Amino acid sequence: MEGLTSGEGFKGVKDGREQQFHLENVKHKFQVFIFYPSDWDEESSSLLSSFSSLFKQFSSNECCVYGISTDNIGSHLEMIKTSLGSSLPFPLLSDPAGKLASRFSLFDSEERMNMRAVVIADNMGISLEVINTSMDNKEMAEYTLDLVKQILHHRSRLLDKTCRFQEPYHNPALEEKLEELAKYSLSVVKQAGGHITTSRERSASRYSSMARSMARSVSRGRSLARTGESKQSYRDQSVVNKMKRTEDRMMRGYF
């Protein structure tokens, strides 16, 4: 929800006289809007009295309080005198058209009255909490105060210096060791870069020797294979000659 329009003011009464109140960019961190149906409703008077008894605590928690109804200024002044003993520490605003209540969906357009509810807003009039409950008036006032305290505490923790990240821990001795290690690592890298050609040459020579060994092995294998073939051919030819001689003897009659 957007904040209240800059320059948008409401007529109200405080300290027995009419004043103009602007609800945007107020000096307090929070605002409590007490919406009630009518000045002459007994429950409404009780609700205002309940908040009046806690007004100092609301103020100490950086919160300003307003009572708001559709009644006119004259009605407000008369009600404060007769029902509240001429003592109300916070202003009563007059909003005949229900403009402010409508912003929080708390205006009964048929009855032309505000609903009984409380809104906690920031200093720009942006709603933080809407309390529309069947609690009795005293409980409702105490519950609203507790919510304001909780919201204030939560915001204070977020802004508190103790909740911020601490500065990085500095250890001069450790930083010196790390710097030495970095320099050593850099020198190792440079040395490796200077001997890279030699390393490559050694690797190439090693691979060349391995290749020559493999070639000799292959050649030796081929030689052995040829020798095996020769021996096999030799053996086969001996058998053939022996068979021929046997055939000749048989043909000649030698058994």
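How many disulfides does the rule count in this structure? The count comes to zero, where a disulfide is defined as a pair of cysteine sulfur atoms within 2.5 Å. The structure is a predicted model, in which local features need pLDDT of at least 70 and side-chain atom pairs count only at pLDDT 80 or more, while totals for chains, interfaces and linings use all residues. Residues are numbered from 1 along each chain as its sequence is written, and side-chain values use heavy atoms, with hydrogens and water left out.

In general terms, a disulfide is a covalent bond between the sulfur atoms of two cysteines.

Charged side chains come next. Side chains of opposite charge can pair when their charged atoms come close. A salt bridge is taken as a side-chain nitrogen of Lys or Arg within 4 Å of a carboxyl oxygen of Asp or Glu, and by this rule there are two salt bridges. One joins lysine 14 to aspartate 15, with the closest N and O atoms 3.4 Å apart. Lysine 14 is partly exposed at 24% relative accessibility, whereas aspartate 15 is exposed at 60%. Another salt bridge joins glutamate 62 to lysine 29, with the closest N and O atoms 3.7 Å apart. This pair links distant parts of the chain, 33 residues apart: glutamate 62 lies in the loop between helix H2 (55-60) and strand E4 (63-69), and lysine 29 in the loop between strand E2 (17-22) and strand E3 (30-35). Helices (H or I, at least four residues) and strands (E, at least two) are DSSP runs, numbered from the N terminus. Glutamate 62 is partly exposed, at 32%, and so is lysine 29, at 37%.

Helix H3 (residues 73-83) has as its buried residues Ile73, Ser75, His76, Met79 and Ile80. These residues lie on the same side of H3 because they cover an arc of only 160° around the axis, the arc being that of the directions from the helix axis to the C-beta atoms. Lys81 and Thr82 are exposed residues on the face of H3 turned away from the buried side. The buried residues of H3 pack against strand E1 (9-14), E2, helix H1 (42-53), E4 and strand E5 (92-94).

Strand E8 (residues 117-122) contains alanine 117, which is buried with a relative accessible area of 0%. Apart from neighbours within four places in sequence, alanine 117 is in contact (heavy atoms within 4.5 Å) with Phe33, Ile34, Phe35, Leu106, Ile131, Asn132 and Met140. The C-alpha atoms of alanine 117 and methionine 140 are separated by 9.1 Å, and the two residues are 23 residues apart along the chain.

Helix H6 (residues 172-194) holds valine 188, a partly exposed residue with a relative accessible area of 37%. Together with Leu181 and Tyr184, Val188 makes a nonpolar surface patch of about 310 Å².  Patches are made of residues with over 30% relative accessible area and no salt bridge, like charges being joined within 9 Å and nonpolar side chains (Val, Leu, Ile, Met, Phe, Trp, Tyr) within 5 Å. Accessible areas come from the Shrake-Rupley method with a 1.4 Å probe, and for residues only the protein chains shown count as cover.

Note on methods: Buried means under 20% relative accessible area, exposed over 50%, partly exposed in between (1.4 Å probe, protein chains only).
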